[in-house]
Amino acid sequence: MGPKILVTGGAGFIGSHTVVALAEAGYEPVILDDFSNSESSVLTGLRSILGKDIPCYARDCNDYALLRSIFREHQISGIIHFAAFKAVGESMQEPLAYYRNNLGSLITLMDAMLAEGISNLIFSSSCTVYGNPDQPPVTEETPVKPAASVYGNTKQIGEEIIRDVCAAKPLKAISLRYFNPIGAHPSAEIGELPRGIPNNLVPFITQTAAGLRKSLTIFGNDYPTPDGTCIRDYIHVMDLAEAHVSALRYAMAHADVHLYDTFNLGSGQGNSVLELVQQFEQVSGSPLPYQIGPRREGDVVAVWADVQKSSNLLGWKTRRTLKEALADAWRWQQKLAGS
Ligand code: UD1
């Protein structure tokens with residue numbers, strides 16, 4: 001039996017794919033998820049992929065007594081902490097709910113970890129901490145900019161809280177700064193499940209291709225980029241998931257009991273919105289209806305990752321192409337439409 005890892009938010013998009021990557025690497029994941037933004041069907045998908053049930057607690061992560069009892073019962077060796085609210089717009093409307101949920105649960109989790117002597121923590125952070133960078137690609141040394149949203153601020157403050165705790169207590173932690181995760185497991189058993197109208201580009205594209213939305217609106221084509229549309233670093237969610245296993249391994253093997261570090265997780269490549277549309281059209285074999293609309297408030301012009309540090313220290317690199325990610329996202333959408 002491999003080390004047991006608690007995955008908070010393990011029924012979510014990145015969380016569920018990380019559960020697969022952990023199990024495939026010989027770890028034993030345990031899920032804690034309140035299903036406030038995920039579906040129980042994810043557990044069925046995980047069972048199909050892994051051929052076994054993954055233990056799951058359908059409970060709030062911000063529960064000190066529960067966390068301690070899970071840690072003891074399963075003899076947890078490390079935690080990957082995904083559980084958080086993530087809607088940028090909503091975070092501006094409901095700041096207290098975001099600070100309470102995202103930071104409250106993190107503090108409770110670390111309290112429980114210290115009480116039970118658990119010393120390995122992987123934290124979901126975001127490239128949003130870099131804001132609108134002066135010169136992409138961004139390294140981990142690129143200055144963090146004042147957060148543009150409450151959601152982004154919860155990630156920045158979360159990183160700072162963890163750094164301070166690691167300096168004072170025997171806790172090894174890593175913050176992973178995600179760029180834009182897309183795609184789905186190639187089996188189409190798990191994938192992204194946005195509720196309502198998707199905010200993110202790829203779910204909007206796949207829903208448009210499936211006929212659920214009339215047309216994609218590209219938010220602005222007058223940006224200072226080669227084709228005028230914004231540039232992002234899109235990474236296959238399974239590549240991202242595998243990076244969590246590498247980060248966990250790195251933390252567990254590290255001798256310094258006060259280890260704290262941050263790593264970028266992206267493909268290292270920037271693609272424009274129009275390039276994504278074109279690549280998707282090649283994958284699906286059909287033209288995608290789209291029109292150009294006004295810029296979306298708060299959008300960053302261009303950001304992509306320098307992934308040298310992740311590659312050097314974590315020994316991780318991406319293995320899947322943008323086309324594969326789009327093909328997997330499309331397969332997942334078609335499966336959803338058929339089910
Ligand atoms: C968003 C969040 C970010 C979060 C990330 C991953 C904002 C401001 N930022 O980033 O905090 O970490 O998702 O979940 O919401 N686009 C269109 N039309 C659409 C949708 C998107 O043109 O209908 C464009 C956007 O302008 C952007 C690109 O597609 O240039 C990617 O957008 P999106 O998928 O929402 O991700 P981000 O804005 O990068």
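Student: At roughly what angle do the axes of helix H7 (residues 201-209) and helix H9 (residues 273-284) cross?
Tutor: The axes (lines fitted to C-alpha atoms, for helices over the stretch in contact) of H7 and H9 come within 11 Å. This is a predicted model: local features need pLDDT of at least 70, side-chain atom pairs count only at pLDDT 80 or more, and totals for chains, interfaces and linings use all residues. Residues are numbered from 1 along each chain as its sequence is written; side-chain values use heavy atoms, leaving out hydrogens and water. With angles taken between N-to-C directions from 0 to 180 degrees, H7 and H9 cross at roughly 40°.

Student: What is H7 relative to H9: oblique or roughly parallel?
Tutor: Under 35 degrees counts as roughly parallel, over 145 as roughly antiparallel, 65 to 115 as roughly perpendicular and the rest as oblique. The H7 and H9 axes cross at roughly 40°. That makes H7, relative to H9, oblique.

Student: Which residues of H9 does H7 meet?
Tutor: Contact means heavy atoms within 4.5 Å. On the H7 side are Leu201, Val202, Ile205, Thr206 and Ala209. By class, the contact holds eight nonpolar (Ala, Val, Leu, Ile, Met, Phe, Trp, Tyr, Cys, Pro), one polar (the others, Gly among them) and no charged (Asp, Glu, Lys, Arg) residues. The H9 partners are Val273, Leu276, Val277 and Phe280.

Student: Leu201 is also listed around the ligand. How far is an oxygen atom of the ligand from a polar backbone atom of leucine 201?
Tutor: There are 17 residues around the ligand (a heavy atom within 4 Å). Leu201, Thr217, Arg232, Arg296 and Asp299 come nearest. For leucine 201, a polar backbone atom lies from a ligand oxygen at 2.8 Å.

Student: Which residue has a side-chain N or O atom 2.9 Å from a ligand oxygen?
Tutor: Phenylalanine 219 also has a ligand oxygen at 2.9 Å, but from a polar backbone atom. The side-chain N or O atom at 2.9 Å belongs to asparagine 180.

Student: How far apart are the axes of helix H5 (residues 95-116) and helix H6 (residues 150-168)?
Tutor: H5 and H6 pack at an angle of about 20°. They are therefore roughly parallel to each other. By class, their contact has 14 nonpolar, four polar and no charged residues. The distance between the axes is 10 Å.

Student: How many charged residues are in the contact of H1 with H2?
Tutor: Helix H1 (residues 13-24) and helix H2 (residues 41-50) pack at about 25°, axes 11 Å apart. That makes H1 roughly parallel to H2. Ser16, Val19, Val20, Ala23 and Glu24 of H1 meet Val42, Leu46, Ile49 and Leu50 of H2. By class, seven residues are nonpolar and one is polar, and the number charged is one.

Student: What is omega for the bond joining proline 136 and proline 137?
Tutor: Proline 137 sits in the loop between strand S5 (120-126) and H6. Most peptide bonds are trans. The bond joining proline 136 and proline 137 is cis, with omega about 5°.

Notes
Helices (H or I, at least four residues) and strands (E, at least two) are DSSP runs, numbered from the N terminus. A polar contact is a pair of N or O atoms within 3.5 Å; within protein, one must be able to donate a hydrogen and the other to accept it, and residues adjacent in sequence count only if both atoms are side-chain atoms.
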